[in-house]
Amino acid sequence: MKAPGWPVSLTDGPVGVRPLRLREAVTWVDLRVRNGDWLAPWEATPKALPVTEDAWAQRQTIGVYTQMVRRLRRHARLGQALPFAVTFEGRLVGQITVSTIVRGALNSGHVGYWVDRMYAGRGITPTALALVVDHSFTAVALHRVEAHVRPENTASRRVVEKLGFREEGFHRRYLAIGGAYRDHISYALTVEDAPEGLLNRWHSVRAPHR
């Protein structure tokens with residue numbers, strides 16, 4: 001049996017989200033290594049791991065990518081995650097994943113995302129997030145999507161705030177990042193918050209600035 005709403009590919013203009021492919025391991029590794037100083041300050045890692053530049057590069061390998069894709073595919077088949085590649089004009093530029101999907105009375109998931117620094121500021125991440133959240137609320141039938149962001153990560157906070165995610169709380173020492181447990185701000189959106197669809201909302205936000 002397939003999990004609800006998976007697999008799927010979604011697009012809006014040049015921006016797309018689709019399942020990750022094993023054959024794009026070399027591209028993924030290049031992106032991650034090239035963007036180390038852009039991504040490492042915000043990504044959760046076990047507290048015991050070293051935080052040097054070399055240590056980051058050692059974790060961005062074809063083997064790591066292959067294991068990650070296989071693990072995420074397994075979780076997707078079980079309905080526990082929605083792991084997407086983010087593309088721009090067909091080129092891999094990032095990732096977005098709805099994880100820790102819990103059904104029952106909660107019916108919720110957590111979303112995380114990253115994008116190549118060369119493509120930041122073009123509206124790619126908000127578009128991808130809007131596509132994924134709309135899909136989560138419709139085909140996947142989730143009720144709630146949460147995002148947890150470090151207070152210092154202004155770029156990531158702008159993404160969720162542009163889309164109308166609601167700030168709901170402050171988690172002290174929530175995740176281990178860079179060798180220490182870091183505070184995070186909790187954002188959330190429920191299906192009732194975006195009756196017109198999040199992508200439609202994003203288009204209306206962007207229209208006056210075009």
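Me: Which residues line the largest cavity?

Reply: This is a predicted model, where local features need pLDDT of at least 70, side-chain atom pairs count only at pLDDT 80 or more, and totals for chains, interfaces and linings use all residues. Numbering runs from 1 along each chain as its sequence is written, and side-chain values use heavy atoms, leaving out hydrogens and water. A cavity is a set of points, on a 1 Å grid over the protein atoms alone, where a 1.4 Å probe fits but cannot get out, and its lining residues have an atom within 4 Å of a point. Around the largest cavity these are Ala-3, Pro-4, Trp-6, Ala-76, Gly-79, Ala-81, Leu-82, Ile-101, Arg-103 and Val-140.

Me: How do the residues of that lining divide by class?

Reply: Ala, Val, Leu, Ile, Met, Phe, Trp, Tyr, Cys and Pro count as nonpolar, Asp, Glu, Lys and Arg as charged, and the others, Gly among them, as polar. The lining includes Gly-79 and Arg-103. The division for the largest cavity is eight nonpolar, one polar and one charged.

Me: Which element gives the largest share of the second largest cavity's lining?

Reply: Happy to trace it: the lining consists of Val-86, Gln-95, Tyr-113, Trp-114, Val-115, Thr-125 and Ala-128. Strand E5 (108-115) and helix H5 (124-137) are the elements giving two or more residues each; helices (H or I, at least four residues) and strands (E, at least two) are DSSP runs numbered from the N terminus. By class, this lining has five nonpolar, two polar and no charged residues. The largest share, three residues, comes from E5.

Me: Are H5 and H7 roughly parallel or roughly antiparallel?

Reply: H5 packs against H7 (residues 198-206) at about 155 degrees, with the axes 8 Å apart. Axes are lines fitted to C-alpha atoms over the stretch in contact, and angles between N-to-C directions run from 0 to 180 degrees. Angles under 35 degrees count as roughly parallel, over 145 as roughly antiparallel, 65 to 115 as roughly perpendicular and the rest as oblique. So H5 and H7 are roughly antiparallel.

Me: Which residues of H7 meet H5?

Reply: Contact means heavy atoms within 4.5 Å. Seven nonpolar, one polar and two charged residues make up the contact of H5 with H7. From H5 come Pro-126, Thr-127, Ala-130, Leu-131, Val-133 and Asp-134, and they meet Leu-198, Leu-199, Trp-202 and Arg-206.

Me: Is Asp-116 buried or exposed?

Reply: Asp-116 sits in the loop between E5 and H5. Leaving aside neighbours within four places in sequence, Asp-116 is in contact with Leu-31, Arg-34, Asn-35, Trp-38 and Val-93. Buried means under 20% relative accessible area, exposed over 50%, and partly exposed in between (1.4 Å probe, protein chains only). At 2%, Asp-116 is therefore buried.

Me: What is the relative accessible area of Arg-173?

Reply: Arg-173 lies in strand E7 (residues 166-177). Although not a glycine, Arg-173 has a positive phi of about 45 degrees. Arg-173 is exposed because its relative accessible area is 56%.

How values were computed. On a 1 Å grid over the protein atoms alone, a cavity is a set of points where a 1.4 Å probe fits but cannot get out, and a pocket is an open set with protein on both sides within 12 Å along at least five of seven lines; lining residues have an atom within 4 Å of a point.
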